[in-house]
Amino acid sequence: MTSSDTTWFTDARFGLFVHWGLYALPARHEWMQKREEIHPDDYARYADYFDPDRFDPVAWAEEAWNAGMRYTVITTKHHEGFALWDSTVTEFKATNTPAGRDLLREFVDAFRARGFRIGLYHSLIDWHHPEFPVDCIHPMHANEEFKAKEAGRDITAYADCLHAQVRELLTGYGRIDILWFDFSYAGRPNAWGGKGKDDWRSEELLAMARELQPGILVNDRLDVPGDFTTPEQFQPSGPLLQDGSPVVWEACQTINGSWGYDRDNRAFKSPELLVRMLIDGVSKGGNLLLNVGPNGRGDLDPASVERLRAVADWMALHERAVRGAGPSTHPAPADCRYTQRGNRLYLHLFTWPLRHVHLAGLAGKVAYAQLLHDASEVRFQERDDSDSAHSNLEDPTLAALGHTVTLTLPDHRPDAVVPVVEIFLRD
Ligand code: GLC
């Protein structure tokens, strides 16, 4: 499936997703236009009030870098159709708002200068475009009068505009590392007017992307295979495979269930859960693209910043357990995840054990072990538990592990959202 080199991507492991558009103003989910069935002309009035006077992409980049993110993907245009840059093929754009300038350029410049790889999200869907045919997910899907009046819409004319916009994005902003399309829905059950590769002319789009930006990684939502696959708001239960071989994947996750700024939604994931999601992904060979939805003044909301900083605290001491790491072939103990980088095996303890952790399959293989956050030695013993010789009681679970390495951990849990033991394997 992959035709570009994905090494930098799987090495980075952690990226920042940014959903920022006019929906930041209604501040009740980026799908509010559809949910509330708002006519595109009525929705467009938000452009008159879009004035992000506090937009500071240098500060965003700093927060994300400290959290350990090394690439970013920003919405150039979401389903609402509003362009964050000065597109020549639409008037519905940042330059025609009180902001009065190309916000995408400022974002890209700031993040690139900080050292990030740059990704652009681009919606294949466009609820503002006059030639985008009204379908089951269009805000006007239930308005018979509108549908009758707009029955002659021509997807080819829309696709020309889509291609022109992608060309602008891939020629006007220097090197682009990721193109993140969203999304195709041809042939979905109960979906009428669903759209896919024939509508977007996906093969042509993909060829253009590869020609304009050799080495670019394109996701898998064009309804044709891409360079990586994108589980959304869930963690796969193990490495993702195609024909038995692992594929490159990236879970995209929100902090509070909404992608765009959502004022009244306070269902924030805890820092611990966010760190676990990152570890869980890496232990299964995947990346995490964690989203923020800045508000209409251009600020990241305090709850997101607080969480990014908590992730940063963990990252400061545990980065090498995820960056450049991947799955291990060893079976992890209960309530734990393993990641591995060369001969370093990382044991991530999702719950703090009762003094001992038994590691199956590692007998004879461990040279040294330490808690990662403070490099304090973790002592271990190797023993054959298959005959339960150390006890008069039978412990069938332990016996099944056979010859184990048993770590002895302190009673007090280290002050880290997820404590990690670094295990040096013998060569
Ligand atoms: C979806 C949604 C959307 C979000 C995206 C992120 O498909 O339409 O609002 O931007 O997923 O993966």
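Predicted model: local features only at pLDDT ≥ 70, side-chain atom pairs only at ≥ 80, totals over all residues.

Colleague: Why is leucine 425 called buried?

Modeller: Buried means under 20% relative accessible area, exposed means over 50%, and partly exposed is in between (1.4 Å probe, protein chains only). Leucine 425 has 11% relative accessibility, so it counts as buried. Leucine 425 belongs to strand 17 (residues 420-425); strands (E, at least two residues) and helices (H or I, at least four) are DSSP runs, numbered from the N terminus.

Colleague: What is leucine 425 in contact with, leaving aside its neighbours within four places in sequence?

Modeller: Contact means heavy atoms within 4.5 Å. Beyond those neighbours, the contacts of leucine 425 include His330, Gln340, Leu345 and Val366. The C-alpha atoms of leucine 425 and glycine 364 are 9.1 Å apart, although 61 residues separate the two along the chain.

Colleague: What makes arginine 101 and glutamate 106 a salt bridge?

Modeller: A salt bridge is a side-chain nitrogen of Lys or Arg within 4 Å of a carboxyl oxygen of Asp or Glu. For arginine 101 and glutamate 106 the closest N and O atoms are 2.7 Å apart, so the pair qualifies. By this rule there are 29 salt bridges.

Colleague: How do you know that arginine 201 and aspartate 160 link distant parts of the chain?

Modeller: Arginine 201 forms a salt bridge with aspartate 160, with 3.0 Å between the closest N and O atoms. The two are 41 residues apart: arginine 201 sits in the loop between helix 8 (197-200) and helix 9 (202-212), and aspartate 160 in helix 7 (residues 155-172). Arginine 201 is partly exposed because its relative accessible area is 23%, and aspartate 160, at 42%, is partly exposed too.

Colleague: Is arginine 323 buried or exposed?

Modeller: Its relative accessibility is 14%, so arginine 323 counts as buried. Arginine 323 also forms a salt bridge with glutamate 319, their closest N and O atoms being 2.9 Å apart. Glutamate 319 counts as partly exposed because its relative accessibility is 31%. A network of salt bridges links Arg70, Glu319 and Arg323.

Colleague: Why does glutamate 250 have no salt bridge?

Modeller: The nearest side chain of opposite charge, arginine 221, is 7.4 Å away, and the limit is 4 Å, so the buried glutamate 250 has no salt bridge. For charge, Lys and Arg count as positive and Asp and Glu as negative, while His and the chain ends are not counted.

Colleague: Which side chain makes a polar contact with glutamate 250?

Modeller: Tyrosine 71 does, at 2.7 Å. A polar contact is a pair of N or O atoms within 3.5 Å; within protein, one must be able to donate a hydrogen and the other to accept it, and residues adjacent in sequence count only if both atoms are side-chain atoms. Glutamate 250 lies in strand 8 (residues 249-253).

Colleague: Which polar side-chain atom lies 2.9 Å from an oxygen atom of the ligand?

Modeller: One that belongs to tryptophan 31. In histidine 79, an N or O atom of the side chain is 2.7 Å from a ligand oxygen atom.

How values were computed
Residues numbered from 1 in each chain as written. Heavy atoms only, no water.
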